[in-house]
Amino acid sequence: MSTEDDETDGFESSQSVPVGVKLGSTRTVVRYPDAAGETQTVRTLTCLATYEDAITGSERVLFGEQAAAEYPNRVEFMLRSGLPEDDERTELARRYFDELVETNGVPQDSTVVYAIPTIDNEAGLRNLSAVIEESAIGTVEMRSYPESLCSAIPAMGDGVEAIDDVFVAVNMGSTNLEACAYRRGEQLLPFSTGSVTGNAVDRRIVNNVEEETQGRVHVDLTTAREYKEEHGSVGGFEPFSDVVQQPGGGSHEFTIEESVPDALNWYVDEAVDRVANEFLPDFANEYMKPYQMALSSPIALTGGMACLPGLPEAFEERLAAELDREVDVVTPPAPDTAAAEGAMRIAKRLTGD
Ligand SMILES: Nc1ncnc2c1ncn2[C@@H]1O[C@H](COP(=O)(O)OP(=O)(O)OP(=O)(O)O)[C@@H](O)[C@H]1O
Ligand SMILES: [Mg+2]
C-alpha cells in the first residue's frame with residue numbers, strides 16, 4: 001500500500017493520531033488507531049537488554065519478552081521500583097521507549113496522553129515525564145493524567161464519562177495500590193501504598209511454595225508471577241503441578257495447592273483494609289457529600305491485579321462487609337490495558353473527535 005493510500009484510508013496527514021501510553025513497572029502498554037482506523041495495542045514487558053552485534057561489534061538493544069527470554073541474567077527492568085529513580089535508569093527507560101515506539105511504528109504526528117502513577121516522588125515523576133515527552137511521538141500535543149483516572153475511563157462507559165463523574169477509583173498495580181476520589185477529573189485525597197502490591201503477592205508465593213514443598217522447591221519471582229497470572233483466582237483456584245530440575249540431576253514434580261490462593265487472599269484482605277480503614281474515612285471526613293455520592297455509584301477497580309478471576313467480586317464482597325453497606329465494584333473490560341485505553345480516549349477528545 002502506498003503512502004497516499006494510507007492517507008486516504010485512515011487519518012489524513014493534517015490530522016493528529018490519538019495515542020495512549022502507560023509506562024508501567026512490569027509492562028508498558030500503548031494504544032492507538034492505525035491507518036485503517038483499527039485500534040492497535042502494544043503490550044510488552046518493561047525491560048531491556050543490550051548485546052554486541054556479532055558482525056559490526058556495535059551495541060544493540062533488545063526489549064520486552066524477547067530480552068527477558070534471551071538474556072534472563074542481564075535484562076534490566078528499569079522501572080522495577082515504579083519510576084526511573086536516577087539518571088542511569090532514566091536513560092535505560094529512554095532507550096527502551098524509543099526502541100518500542102520505533103519498532104512498532106507508533107505514529108509521530110500524534111496527540112499523546114500518558115498515564116502517570118500517583119506516587120509521592122517528584123524526581124521520579126519528572127524522569128518518567130522526560131522519557132515520554134522527549135520521545136519521537138506526540139509532535140502535536142502531549143499531556144499526562146493520573147493512571148487511576150485513565151484506567152477508570154473504560155470501566156465507566158464507552159466514552160470519557162468518568163471525567164464528568166464523582167467516583168472512587170482503586171488501581172491495583174505491581175508496585176502500588178492507589179485509591180483516589182475523582183470529582184469531574186479532579187483528584188481528591190489521592191492515597192497510595194507500596195506494601196499491598198502485585199509484587200508483594202509474588203514474593204509471598206515464593207515463600208509459600210518453599211513452605212508448601214517442605215523446602216524442596218524454590219521458585220524465582222518471575223515464575224511466581226507466572227503462577228499468579230496463569231493459575232491465580234480468588235475462590236475458584238485449581239491446584240496445578242510443575243517440575244523443577246534437581247541440582248544433582250533428575251527432576252522433581254510438585255503440586256501447588258495453597259501457595260497461590262493464600263497469597264491472593266492476603267492481598268484482597270489488605271487492599272480492603274487500606275481502602276476501608278485508611279482512604280475512605282479521610283474522604284468521608286473531608287468531603288461528606290461527594291463521599292456519599294461516590295459510594296452510591298460504582299467503584300472502579302483497575303490495574304493488572306484486577307484481571308485475576310474472582311478478585312473484583314471478592315473485593316466487592318469484603319469491602320461491603322467491612323463498611324457494612326452495599327458497594328458496587330466495576331472493572332474495565334481489560335484491566336491491564338485500561339490505562340492506555342483511557343489515555344487514548346482522552347487524546348481522541350483532545351484532537352476534537
Ligand atoms: N492478565 C493478568 N492476570 C493476572 N495478573 C496480572 C495480569 N496482568 C498483570 N497482572 C499483574 O498485575 C500487576 C501489574 O499491574 P499493572 O500493569 O497495572 O501495574 P503497573 O502499572 O506496571 O505497576 P505500578 O503502577 O504499580 O508500578 C503485576 O503484579 C502483574 O503480575
Ligand atoms: Mg500502575
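**View 1. The residues around ligand 1 in this predicted model.** Ligand 1 has 23 residues around it, and K22, T175, K228, E229 and G304 come nearest. Sorted by type, this shell splits into 11 polar, 8 charged and 4 nonpolar residues. If you're wondering which element gives the largest share of the shell, look at helix 7, residues 221-231. Helix 7 puts in 3 residues.

**View 2. Polar contacts to oxygen atoms of ligand 1.** Zoom in on E229, one of the residues that come nearest to the ligand. An N or O atom in the E229 side chain sits 2.6 Å from an oxygen atom of ligand 1. S25 also uses its side chain here: a polar atom of it lies 2.9 Å from a ligand oxygen. With N176 it's the backbone instead, where a polar atom is 3.1 Å from an oxygen of ligand 1. On its own, ligand 1 has 650 Å² of accessible area, and the protein covers 93% of that.

**View 3. The pocket that holds ligand 1.** Which pocket does ligand 1 take up? It's the largest pocket.

**View 4. The magnesium ion, ligand 2, and its protein donors.** Now for the metal.

Technical notes. Residues are numbered from 1 along each chain as its sequence is written. Chains are lettered from A and ligands numbered from 1 in the order in which they are written. This is a predicted model: local features need pLDDT of at least 70, side-chain atom pairs count only at pLDDT 80 or more; totals for chains, interfaces and linings use all residues. Side-chain values use heavy atoms; hydrogens and water are left out. A residue is near a molecule or strand if one of its heavy atoms lies within 4 Å of it. A polar contact is a pair of N or O atoms within 3.5 Å; within protein, one must be able to donate a hydrogen and the other to accept it, and residues adjacent in sequence count only if both atoms are side-chain atoms. Accessible areas come from the Shrake-Rupley method with a 1.4 Å probe; for residues, only the protein chains shown count as cover. On a 1 Å grid over the protein atoms alone, a cavity is a set of points where a 1.4 Å probe fits but cannot get out, and a pocket is an open set with protein on both sides within 12 Å along at least five of seven lines; lining residues have an atom within 4 Å of a point. A molecule sits in a cavity or pocket if more than half of its atoms lie within 2 Å of its grid points. Helices (H or I, at least four residues) and strands (E, at least two) are DSSP runs, numbered from the N terminus. Ala, Val, Leu, Ile, Met, Phe, Trp, Tyr, Cys and Pro count as nonpolar, Asp, Glu, Lys and Arg as charged, and the others, Gly among them, as polar. Donors are N, O and S atoms within 2.8 Å of the metal (3.2 Å for Na, K and Ca); water is not among the atoms, so sites may look incomplete.
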